[in-house]
Amino acid sequence: MRRKYNSRYNAGIRGKNLLDDHATELNTIATYPAEKANHDAILVDIEKARMIQALESEGLSTDKINLKIVMGETVIPFAARCVVQAHQLGLTKLEVELDKSIYFIIKAEANEAFDRASKLRDLMSDNLTSFTELDAADIVTMTKAITKFGDAKSLPQLLISKKKSIGTDPIPALLKKLSLSQKYIGKIIFAYKPSLYPEWRAAIKVITPVGSHHKSLVAFITDADTGAPLEKVKVTATNDITTVVRKSSKKGLLTLYSLASGSWALRCENKAYITVFKNKIKVVDGEVAKLSIALQKVSTSGDTTPASTGYANVYGKMYNTATNDGIGTGLVFFQYVANAEETEDDGTYGKDNTPANCTHMSATAPGFQDWHKDITLEPDTDNEIDIPMDPIDDGPPAPDA
């Protein structure tokens, strides 16, 4: 499963663990048990889809190292189930023998990894009557993973055809269902157990996966009149979540690495040149976006006033991150604009003729934390910028006197 999907799945597991830890207090809420059951069922479906993707699709990896990881990721979670049950049944020897981390398999040399996974599978199979959390199908699943690695471990490289397109895979749709389920559970916690809400939000926060750098965007920056490459042009790239700042090289090249897929904007600055904005740059994982950017030199003949950068239109909606409801009578502030914009009853706002050199906006509303954001505007464009406002957490209610 792709790393970004793994991150969302792992966030779901963290949320489930938190809910399980607070089961006693949450189960008393009438609307909660049904939502919790749906949440857990979706996670089970995702786990099954991950195994199918890994074991049946002929495309999870292209070499035996990755197949060894799949083997470990398949066997160890089943072993973990049995460790808990062995502990509860007083089967101490089995508990010790099965209590292994995934590194017990994936860090071992190929033959040793195969033997270790096989031994763990056999221990579970031989004691299947004791481990009610497993069934024969689970033993088959482990056997498939072990067999695939066993077939590949003697080869320098296993040639496997690519998996079917991610669009036909069930995992993205299941993750959308998981997000919707988390939304409703969040509303229940916010309404009935507000002191637990910050912990819930932290648990389901998706942690961006970290891995090796890969090129996402390459730009060639030149003088518009001569075509000469420009050095030390400051480029600020943002997707409204992450901001990256780099400078062009002596050859006018700018390379950005490991950008998240989506729409990005660039601001290119040099004191001797007019600032250039590039919006709606398409970034796709596994591809390299290529741009040519020409900067026009600032005129110094007779008039020292920098050229106008023009104006842009900005609009959007201010909303409560806990409920997604619009927030009325909030105030939106723009750099270089004297008066704030007040949001409508449904939370919408609009500001025409915003200076295009405005690079920062902020917002306030009673009962919510202040909001700040660095922005990039291009002259004569419409820019939709929503404003998520986090409620102020006053902490748990004071105990009765």
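**Starting from a threonine**

I began with Thr238, which I found in strand β2, covering residues 234-238. The model is a predicted one, so I keep that in mind for every entry.

Is Thr238 buried or exposed? I read a relative accessibility of 7% for Thr238, and because the cut-off for buried is under 20%, Thr238 counts as buried.

Setting aside neighbours within four places in sequence, I listed Thr243, Ser263, Trp264, Ala265 and Thr376 as contacts of Thr238. With Thr243 there is also a polar contact, side chain to side chain, at 3.4 Å.

**The strands around it**

I then traced the pairing. β2 and β5 run antiparallel and are joined by 5 bridges; in this pair I noted Lys234 opposite Glu269 of β5.

How many bridges link β5 and β6? I counted 7, again in the antiparallel sense. Leu266 stands opposite Lys278 in β6, and a hairpin of 2 residues connects β5 to β6.

My last stop was the second largest pocket, with a volume of about 380 Å³. It is lined by 18 residues, and those closest to its centre are Asp240, Ser263, Asn279, Lys280 and Asn383. I was pleased to meet Ser263 again, having already listed it as a contact of Thr238.

Which strands each give at least two residues to this lining? I wrote down β5 (262-270), β6 (273-283) and β14 (382-384). By type, I logged the lining as 6 nonpolar, 7 polar and 5 charged residues.

Methods
Residues are numbered from 1 along each chain as its sequence is written. This is a predicted model: local features need pLDDT of at least 70, side-chain atom pairs count only at pLDDT 80 or more; totals for chains, interfaces and linings use all residues. Side-chain values use heavy atoms; hydrogens and water are left out. Helices (H or I, at least four residues) and strands (E, at least two) are DSSP runs, numbered from the N terminus. Buried means under 20% relative accessible area, exposed over 50%, partly exposed in between (1.4 Å probe, protein chains only). A polar contact is a pair of N or O atoms within 3.5 Å; within protein, one must be able to donate a hydrogen and the other to accept it, and residues adjacent in sequence count only if both atoms are side-chain atoms. Contact means heavy atoms within 4.5 Å. On a 1 Å grid over the protein atoms alone, a cavity is a set of points where a 1.4 Å probe fits but cannot get out, and a pocket is an open set with protein on both sides within 12 Å along at least five of seven lines; lining residues have an atom within 4 Å of a point. Grid points are joined across faces, edges and corners, and a volume is the space filled by probe spheres set on the points. Ala, Val, Leu, Ile, Met, Phe, Trp, Tyr, Cys and Pro count as nonpolar, Asp, Glu, Lys and Arg as charged, and the others, Gly among them, as polar. Two strands pair if DSSP finds at least two bridges between them.
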